[in-house]
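Please follow this walk through a structure with its sequence open beside you. The text starts where the chains meet and then goes into each chain in turn.

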Amino acid sequence: MSPPPPVAGVLADHLRRRRDDGAKLLVPYVTAGMQDDWLTVAEAVAASGADALEVGLPFSDPMIDGPVIQAASLRALQRGTTPRRVLADLALADLGVPIVVMTYYNLILRMGHRRMASLLAESGVTGAIVPDLPLEEVGPWATAADEAGVATVMLVAPSTGSERMGRIIERSRGFVYGIGRMGVTGERAAVAASAALVAGAAKARTDLPVCVGIGVSTPEQAAEVCRVADGVIVGSALVRRLLDGAGPDGAAAFTASLRRGIDGG
Amino acid sequence: MGDPGPTGRFGEFGGRFVPESLVAACEELEHAFRQAWADPSFHHAFEALLASYGGRPTPVTECTRLSEELGVRLLLKREDLAHTGSHKLNNVIGQAMVAQRMGKRRLIAETGAGQHGVATATAAALFGMECVVYMGALDTERQALNVFRMELLGAEVRAVHSGARTLKDAVNEAMREWVATVGDTHYCLGSVMGPHPYPWMVRELQRIVGDEARVQCRSILDGSDPDLVVACVGGGSNAAGTFAGFADATASQLVGVEAYGGAALTVGVPGVLHGMRSALLQDEAGQIREAESISAGLDYPGIGPEHAHLAAIGRARYVTAGDAEVLDAFQRLSRAEGIIPALESAHAIAWVLAQAGKEIPDGSTVLVTLSGRGDKDVAQVRDLLGARAGTGERV
């Protein structure tokens, strides 16, 4: 097992500081390139109470994503979105919060581990979530990302056994992503009982912030999850509003409502 | 073609690139299969069922008329004669038995041409399990009769409308469903693809094709092995099962025939899709390209990782056949031998027809695995042949 990185990292430092100040963490997700003004949307979301922003680099075959993110990804690809283009845009943007990209491994493999890692770092991206890289396969990428100063955020699931969870968390940088329910991304009527369980199990093993995503859709659900977790990741509920035409103002309003929810307001 | 070990690697290919939510399920399956495959009573029950229910062993038929025309000695391993009409039954019977050992009550599957879906629905009926089959919406149109067959067998068929609405998208959707239902559901993957242990497990469950054929060929060829062993490749399960019987035990040349529009090994580059590292059709950014073939079963932008490895080490080679020559082969085998092949299998025939006397020297002995029968394709071929069909005019 590789030792912790020499520098704790921008992402972990920022989120930990916020948490230790007593805040719950809000990490909204936007699919890059899904519409012309996606960067304006990202800025509006970032300015409306987000502690970090997750930006999806769209992939043709998003295995862990439900219909909403699939539709946004397809739309982005049809608009000609490429990883290089998105990262060039992000390099010029100033969102004021750390950016974490979420993408699938083939886009990294195609560009090359080191080239992708350094391009992310040069674009100001602080972390990466690659859901189809489980612990056994993450090595080559995580090494390259560590070297470039990009945090590889690892995921733990309700099905993850205790001993394995310890090893995954040891390999995680930035924060730990708790998969809140067994299923793909998407809005749900209620939070699964597994969300609190996975958050509690992860928190018992690490000082890294633990944020829970997948199936967290409303301010009330976000608040519920944050009773145990350090924070929440909200993707499909925001992206669905964008697909429905919400625009930057609507995205900002929804983000602010999530903020109020987890602040207990 | 051995055990890829706990990491599921065939050289640089294979692996287990799945979300954390599926890792435990893949490990559980690997463990269950390793136990079953090491258990003589499992083998006994598996082979007994394939005999009494599946109609095994399937024969090897010598194509006398075509052989004479081509100047090579052409033998067919007749998987078209297996129950449900293709080699697919071997794999699903084995996986359903493993699923039972794991205490799962439900099977889900993806299907392209419908053969694997029909086979899975059949196994589910036989074992009294629930069954849901994901099928690209384009394929539910191309293979409407197979949809009805699956429904007759008690399965629910869910049309997949994402992406190109073909096999790749059906796999995506089956994997998504599996994440949510993994507690009581086994994902019965239909080919030598996907995350470890599937490529290895499916090859082992299909190796009965090659093991039978090797013995049968030696009997027909006075103790010799065929010079060439040829099979069509989409994901590559019939080819992997066939090659498994010859790769280590003989010096036969192994040839996999891909669809021209889905030639992952011929024109693809290494990448990761559907849980495996293998050769994939993709663009310069890494987005997966759609395959295009008249054969729904070969309409897949990837290939099983062990095939990528066999190509890399030179033990097998991979070639292509185009739609037009496949249609021609479909008709020629029907006329000359009274055997209507599946469009998938017709790719392997097409390559032999094209290369006899060229890459295949005169007098060679050639075994082709006829992976399935063409009944499912008759309506589509009639449409493709268009006005010429049904007029009495020679098509």
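In this predicted model, 30 residues of chain A are in contact with 26 residues of chain B. Two residues are in contact if their C-beta atoms, placed from the backbone, lie within 7 Å. On the side of chain A that touches chain B, helix H3 (67-78), helix H5 (105-111) and strand S5 (151-156) of chain A each supply at least two residues. Helices (H or I, at least four residues) and strands (E, at least two) are DSSP runs, numbered from the N terminus. H5(A) gives the most to this side of chain A, with five residues. Sorted by class, the side of chain A that touches chain B has 17 nonpolar, eight polar and five charged residues. Here Ala, Val, Leu, Ile, Met, Phe, Trp, Tyr, Cys and Pro count as nonpolar, Asp, Glu, Lys and Arg as charged, and the others, Gly among them, as polar.

A word on numbering and on limits is needed here. Residues are numbered from 1 along each chain as its sequence is written, while chains are lettered from A and ligands numbered from 1 in the order in which they are written. As this is a predicted model, local features need pLDDT of at least 70 and side-chain atom pairs count only at pLDDT 80 or more, whereas totals for chains, interfaces and linings use all residues.

How does the model score? Its ipTM is 0.95 and its pTM is 0.96. Chain A has a mean pLDDT (the predictor's confidence in each residue, from 0 to 100) of 95, and 97% of its residues reach 70 or more. Over residues 1-7 of chain A, however, the pLDDT is below 50, and this stretch has four contacts in the model beyond near neighbours in sequence. Where pLDDT is low, the predicted coordinates should not be read in detail. Chain B also averages a pLDDT of 95, with 98% of the residues scoring at least 70.

Now turn to chain B. Its domain assignment gives domain 1 (9-49 + 88-187) and domain 2 (57-86 + 207-388); such bounds come from an automatic or database domain assignment. Taken over C-alpha atoms, the centres of domain 1 of chain B and domain 2 of chain B are 22 Å apart. The contact takes 30 residues from domain 1 of chain B and 33 residues from domain 2 of chain B. On the domain 1 side, the elements that give two or more residues are strand S2 (13-14), helix H4 (88-101), helix H5 (115-127), helix H6 (137-142), helix H7 (144-152) and helix H8 (167-181) of chain B. The residues of that side divide into 13 nonpolar, twelve polar and five charged.

Two helix pairs in chain B can be set side by side. Helix H13 (residues 323-337) of chain B and helix H14 (residues 343-355) of chain B pack at an angle of about 95°, with their axes 8 Å apart. Axes are lines fitted to C-alpha atoms, for helices over the stretch in contact, and angles run from 0 to 180 degrees between N-to-C directions. H13(B) and H14(B) are therefore roughly perpendicular to each other. The residues of their contact divide into ten nonpolar, one polar and three charged.

The axes of helix H9 (residues 198-220) of chain B and helix H10 (residues 237-244) of chain B come within 6 Å and cross at roughly 55°. That makes H9(B) oblique to H10(B). Angles under 35 degrees count as roughly parallel, over 145 as roughly antiparallel, 65 to 115 as roughly perpendicular and the rest as oblique.

Some backbone details remain. Most residues other than glycine have a negative phi, and most peptide bonds are trans. The peptide bond from B:Arg56 to B:Pro57 is cis, with omega near -5°, and B:Pro57 is found in the loop between helix H2 (40-52) and strand S3 (60-62) of chain B. The peptide bond from B:His196 to B:Pro197 is also cis, with omega near 15°. In chain A, phi of A:Ile214 is near 80°, a positive value in a residue other than glycine.
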